Amino acid sequence: MKERILLTALDLFSQYGIKKVSMDDIARNISISKRTLYEFFENKEMLLVEGIEFNYNRMCALLDQLEKSLTTSWKSSFFFTKN
């Protein structure tokens, strides 16, 4: 449930802006009560902070996967041309 809330909130924030999105909007969008939402997040600021951390961790995991999938020769070529 927490991940669902984070993903929904981040989507709404990106569409409408952080200031325009309320906790009511987030709860209504995923059909939960505002009380349930506040059981997971104390306020919108905490939800935003955790959302940023969540996205950062997802991005790091994706970059790690990408790095592991690159072949050694491609890595060498990339780093050679980069420097």
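Residues are numbered from 1 along each chain as its sequence is written. In this predicted model, local features need pLDDT of at least 70 and side-chain atom pairs count only at pLDDT 80 or more, while totals for chains, interfaces and linings use all residues; side-chain values use heavy atoms, without hydrogens and water.

The protein has 5 helices and 0 strands (DSSP runs numbered from the N terminus: helices are H or I, at least four residues; strands are E, at least two). Its pattern along the sequence is α-α-α-α-α. Of the 83 residues, 22% are buried (under 20% relative accessible area, 1.4 Å probe, protein chains only).

The largest nonpolar core holds 16 residues. Such a core is a set of buried Ala, Val, Leu, Ile, Met, Phe, Trp, Tyr and Cys residues joined through side-chain atoms within 4.5 Å. Ile5, Phe13, Ile26, Leu37, Phe41 and Leu47 have the most contacts inside it. Helices H1 (2-16), H2 (23-29) and H4 (44-69) each give two or more residues. H1 gives the most, with 6 residues. Beyond its neighbours within four places in sequence, Phe13 is in contact (heavy atoms within 4.5 Å) with Ile18, Val21, Ile26, Lys44, Leu47 and Leu48.

H1 and H4 pack at about 100°, with axes 9 Å apart (axes are lines fitted to C-alpha atoms over the stretch in contact; angles run from 0 to 180 degrees between N-to-C directions). The two helices, H1 and H4, are therefore roughly perpendicular (65 to 115 degrees). Among the H1 residues that meet H4 are Ile5, Leu6 and Phe13. Leu47, Leu48 and Phe54 are among those on the H4 side.

Key:
Buried means under 20% relative accessible area, exposed over 50%, partly exposed in between (1.4 Å probe, protein chains only). Angles under 35 degrees count as roughly parallel, over 145 as roughly antiparallel, 65 to 115 as roughly perpendicular and the rest as oblique.
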